[in-house]
Amino acid sequence: MKKYLWWSAWSTYEEDFKDQLKNLGELSVDAVKELLRYPPQNWCRSYFDTLCKSQMVDNNFTESFNSWILEARVKPILKMFEDIRIKVMNRLREKEEEARTWGG
């Protein structure tokens, strides 16, 4: 059943989405009802804007973040997460202080 949930979300075309729902419905009608409680426009690729259909996660944000955490990346996992948490908290504090000075 998990396979059909996955493929329903990744369906590229509305017809494929409906086929996946039909397959899922043969296993569990309740699963389809529960799934459709949420609008497919919010979670199914076939309803997304065509510009969002790339599976690649290769962008400047990712590269910027990776360079921002460069020192933390070589540490053991818990220490790495702690260093990243501290950096994020400091960044949020700095941005909040900056936002408090805005005039409008």
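Modeller: Start with Arg100, which is exposed, with a relative accessible area of 62%. Keep in mind that this is a predicted model.

Biologist: Why is Arg100 called exposed?

Modeller: Exposed means over 50% relative accessible area. Arg100 has 62%, so the label applies.

Biologist: Why is Glu96 called partly exposed?

Modeller: The band for that label lies between 20% and 50%. Glu96 is at 42%, so it counts as partly exposed.

Biologist: What makes Glu96 and Arg100 a salt bridge?

Modeller: The cut-off is 4 Å between a side-chain nitrogen and a carboxyl oxygen. In this pair the closest N and O atoms are 2.5 Å apart. Both residues lie in helix 6, 4 residues apart, about one turn of the helix. Elsewhere, shared partners join Lys75, Lys79 and Asp83 into one network of salt bridges.

Biologist: What makes Asp83 and Lys75 a salt bridge?

Modeller: The limit is again 4 Å. Their closest N and O atoms are 2.4 Å apart.

Biologist: How do you know whether Asp83 is buried or exposed?

Modeller: Buried means under 20%. Asp83 has 13% relative accessibility, so it counts as buried.

Biologist: What links Lys18 and Glu14?

Modeller: Their side chains meet in a salt bridge, at 3.5 Å from N to O. That is within the 4 Å cut-off. The two are 4 residues apart in helix 2, so about one helical turn separates them. Glu14 is partly exposed, at 36% relative accessibility.

Biologist: How many salt bridges are there by this rule?

Modeller: The count comes to 8.

Biologist: What makes up the largest nonpolar core?

Modeller: It has 7 residues: Phe17, Leu21, Leu24, Ala31, Val32, Leu35 and Cys44. Nonpolar side chains tend to be buried together in soluble globular proteins.

Biologist: Why can Phe65 belong to a nonpolar patch on the surface?

Modeller: A patch residue needs over 30% relative accessible area. Phe65 has 31%, so it passes that cut-off and counts as partly exposed. Phe65 is found in helix 4. The patch also includes Phe61, Trp68, Val88, Met89 and Leu92, with about 590 Å² of accessible area together with Phe65.

Technical notes: Residues are numbered from 1 along each chain as its sequence is written. This is a predicted model: local features need pLDDT of at least 70, side-chain atom pairs count only at pLDDT 80 or more; totals for chains, interfaces and linings use all residues. Side-chain values use heavy atoms; hydrogens and water are left out. A nonpolar core is a set of buried Ala, Val, Leu, Ile, Met, Phe, Trp, Tyr and Cys residues joined through side-chain atoms within 4.5 Å. Buried means under 20% relative accessible area, exposed over 50%, partly exposed in between (1.4 Å probe, protein chains only). Patches are made of residues with over 30% relative accessible area and no salt bridge: like charges are joined within 9 Å, nonpolar side chains (Val, Leu, Ile, Met, Phe, Trp, Tyr) within 5 Å. Accessible areas come from the Shrake-Rupley method with a 1.4 Å probe; for residues, only the protein chains shown count as cover.
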